[in-house]
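Reader: Please take me through this model term by term, and tell me on what grounds each term is applied.

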Amino acid sequence: MAVEDDEMRLELLEDFGVSAMYTDTSAASSSTVTVLFRSDFEVVDVGGGVSVESSAPVLHVRSSDVSSIAQGDTFVVDSTTYTVTSVEPDNEGMTVCRLRV
């Protein structure tokens with residue numbers, strides 16, 4: 001059971017998040033939501049002693065703001081469009097979205 005409620009999650013996002021334009025591609029609709037956004041650096045070992053450097057963009061959003069989110073939907077953060085590759089609801093009111101440019 002979640003300790004916080006949806007209003008508390010919104011306060012957290014408003015204090016620490018950024019504005020993003022979310023597009024539900026199946027419904028052809030867009031809305032502005034507040035998200036926690038990170039673009040972590042990662043090194044991927046592709047075998048044979050060869051590594052590739054990359055970024056791993058991810059965002060956290062209130063599940064109630066993206067109730068029908070699916071792979072292929074998009075977010076625009078700081079003028080960059082990201083496509084959702086993975087949707088991971090935490091069953092506590094937040095959803096983690098893994099992204100690619």
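Reader: Where is asparagine 91 placed?

Author: Asparagine 91 is in the loop between β5 (80–89) and β6 (94–100), where strands (E, at least two residues) and helices (H or I, at least four residues) are DSSP runs numbered from the N terminus. This is a predicted model, in which local features need pLDDT of at least 70 and side-chain atom pairs count only at pLDDT 80 or more, while totals for chains, interfaces and linings use all residues. Residues are numbered from 1 along each chain as its sequence is written, and side-chain values use heavy atoms, with hydrogens and water left out.

Reader: Why is asparagine 91 called exposed?

Author: Buried means under 20% relative accessible area, exposed means over 50%, and partly exposed lies in between (1.4 Å probe, protein chains only). Asparagine 91 has 71% relative accessibility, and therefore counts as exposed.

Reader: What makes the phi of asparagine 91 worth a remark?

Author: Most residues other than glycine have a negative phi. Asparagine 91 is a residue other than glycine, yet its phi is positive, near 60°. Alanine 28, which is not a glycine either, has a positive phi of about 55°; alanine 28 is found in the loop between β1 (18–24) and β2, and with a relative accessible area of 72% it is exposed.

Reader: What is the overall pattern of the protein along the sequence?

Author: The protein has one helix and six strands, which follow the pattern α-β-β-β-β-β-β when read along the sequence. The C-alpha trace spans about 50 × 35 × 25 Å along its principal axes, and of the 101 residues 29% count as buried.

Reader: How do you know that the buried residues of α1 are on the same side?

Author: The buried residues of α1 are Arg9, Leu10 and Leu13. They cover an arc of only 100° around the axis, so they are on the same side of α1, the arc being that of the directions from the helix axis to the C-beta atoms. An α-helix has 3.6 residues a turn, so residues three or four places apart point the same way. On the other side of α1, Glu14, Asp15 and Phe16 are exposed.

Reader: What makes the contact of arginine 62 with aspartate 6 a salt bridge?

Author: A salt bridge is a side-chain nitrogen of Lys or Arg within 4 Å of a carboxyl oxygen of Asp or Glu. The closest N and O atoms of arginine 62 and aspartate 6 are 2.9 Å apart, and the pair forms a salt bridge. Arginine 62 lies in strand β3 and aspartate 6 in helix α1, so the pair ties together parts that are 56 residues apart in sequence. Arginine 62, at 10% relative accessibility, counts as buried, whereas aspartate 6, at 26%, counts as partly exposed.

Reader: Which residues are linked with arginine 62 in a network of salt bridges?

Author: The network links Asp6, Arg9, Arg62 and Asp65. Within it, the side chains of aspartate 65 and arginine 62 meet at 2.9 Å, N to O, and aspartate 65 is partly exposed at a relative accessible area of 23%.

Reader: How many salt bridges does the rule give?

Author: The count comes to five. Among them is the salt bridge of aspartate 40 with arginine 38, at 3.2 Å, N to O; aspartate 40 is partly exposed at 34%, and arginine 38 counts as partly exposed at 39%.

Reader: Which residues make the nonpolar surface patch, and how is such a patch defined?

Author: Patches are made of residues with over 30% relative accessible area and no salt bridge, with nonpolar side chains (Val, Leu, Ile, Met, Phe, Trp, Tyr) joined within 5 Å and like charges within 9 Å. Val44, Val46, Val50 and Val52 make a nonpolar patch of about 290 Å², the area coming from the Shrake-Rupley method with a 1.4 Å probe. Strands β2 (29–47) and β3 (50–62) each supply at least two of its residues. Valine 44 lies in β2 and, with a relative accessible area of 35%, is partly exposed.
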